[in-house]
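Dear colleague,

I am passing on the structure below, together with some notes on what turned up when I went through it. Please read them with the sequence and the coordinates open beside you.

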Amino acid sequence: MARATIYVGFTLPRILRGVSRIFPTCSALVVLRHSAFCHCTVNGTIKSKRKMDHLERTANNFRQEVISQAKVCGITNESQTVKRLRLAIANKEFTFKAGQWVDFFIPGVSVVGGFSICSSPGLLEREGILELAVKHTVHPPAHWIHTECTLDSEVALRVGGDFFFDPQPGDSPVKLVLIAGGVGINPLFSILLHIADLQGCQEGKGNGYKMGTAKLYYSAKNTSELLFKRNILGLMNAFPGKITCRFHVTQQRLQICKELQPHVTEGRISEKDLEKHVSKDTLWYICGPPPMIESISNLLSKMGVPRNCVFFEKWW
């Protein structure tokens, strides 16, 4: 039985406010239909025999008021099981911070999706484009993306989340260690792209936030499931010494290609990998399956990393 604590005053209708204005032909009641499957006890605990959905898990997270229509303008296969969507955003007031996610509203689909953004805030500013990378599952929004979504499909998006990296020009430089497992790479890739934008701005204009180093540790079953790997190699080549990465594979059966070989370790991310990065000016961002997050968090605690320097996002 799943349990999650919520603030009693934060209701799903409030979270969904404004959706009917974006899709006037769809009843808001259709979107809300899923909320009838759970009940709240007096102490504000949700009990359910099913897996909690995105809106319930994130009921207490920050959400923007702005909901924007978006049109699918690109679909590519990032891997055999992951599709990458390119979305043109209609609302000029729509913004996000690197690492945040979106509520994903689909006309005619009663369940609201929740997907981490994998592109940078800079891409949205420059081109009005946002990207998502979604793994195929039976969950209705992910299933729709893999089986029904086409070019020019229209959806609605709203930004939320308390997991982000958004330094300001006057902030002190920090070192970042990003630790990803599986599709947990999405928000961390967004952060990595944002770091590249900040670094490029600093080098080009000589102003803005002065970035420290960024190290990515990214674990997957095998190299075919490492998303964005060539983009990541490109960032390493563009910013040598500033952006570095170590890929980890746990069930590799085929030979690793020459391009990746120097950057791949067979086996899980270990204490030995992480201890060299412990310092007072290092921030740690973790995203992946909950067991991985628990394991890495315990390792960092054991190494003396302060809890306020560790940030994580769990996707169930």
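**Strand S9 and its partners**

Strand S4 (residues 68–77) pairs with S9 in the antiparallel sense, the two being joined over four bridges, and within this pairing Ala-70 has Val-155 of S9 as its bridge partner. Please keep in mind throughout that this is a predicted model. Strand S6 (residues 101–105) also runs antiparallel to S9, to which it is joined by five bridges, and here the bridge partner of Asp-103 is Arg-158 in S9. Strand S9 itself spans residues 154–160, and because six of its seven residues are buried, the strand is largely enclosed by the rest of the structure.

**The chain as a whole**

The secondary structure of the protein chain amounts to ten helices and 15 strands. Of the 316 residues in the chain, 52% are buried, and the accessible surface comes to about 15700 Å², with 52% of that area belonging to carbon and sulfur atoms.

**Leu-132**

Leu-132, which is placed in strand S8 (residues 129–135), has a relative accessibility of 0% and therefore counts as buried, the cut-off being under 20%. Once its neighbours within four places in sequence are left aside, Leu-132 is in contact with a set of residues that includes Lys-83, Arg-84, Leu-85 and Leu-87, as well as Val-102, Phe-104 and Phe-115. The C-alpha atoms of Leu-132 and Ser-190 are 9.9 Å apart in space, while the two residues are 58 residues apart in sequence.

**Aromatic side chains**

A search of the whole structure gives seven aromatic pairs. In one of them, Phe-189 and Phe-228, the ring centres are 4.2 Å apart and the planes lie at 5°, so the pair is stacked. Since Phe-189 belongs to helix H7 (residues 185–205) and Phe-228 to the loop between strand S11 (214–220) and helix H8 (229–238), the pair ties together parts that are 39 residues apart in sequence. Both Phe-189 and Phe-228 are buried. Elsewhere, Phe-163, Phe-165, Tyr-285 and Phe-311 form one aromatic cluster, and Lys-215 lies over the face of Tyr-217, at 5.3 Å from the ring centre.

With best regards

Methods
Residues are numbered from 1 along each chain as its sequence is written. This is a predicted model: local features need pLDDT of at least 70, side-chain atom pairs count only at pLDDT 80 or more; totals for chains, interfaces and linings use all residues. Side-chain values use heavy atoms; hydrogens and water are left out. Buried means under 20% relative accessible area, exposed over 50%, partly exposed in between (1.4 Å probe, protein chains only). Two strands pair if DSSP finds at least two bridges between them. Rings of Phe, Tyr and Trp (its six-membered ring) pair if their centres lie within 6.5 Å; planes under 30 degrees apart count as stacked, over 60 as edge-to-face and the rest as tilted. A charge sits over a ring if NZ of Lys or CZ of Arg is within 6 Å of the ring centre and within 35 degrees of the ring normal. Contact means heavy atoms within 4.5 Å. Accessible areas come from the Shrake-Rupley method with a 1.4 Å probe; for residues, only the protein chains shown count as cover.
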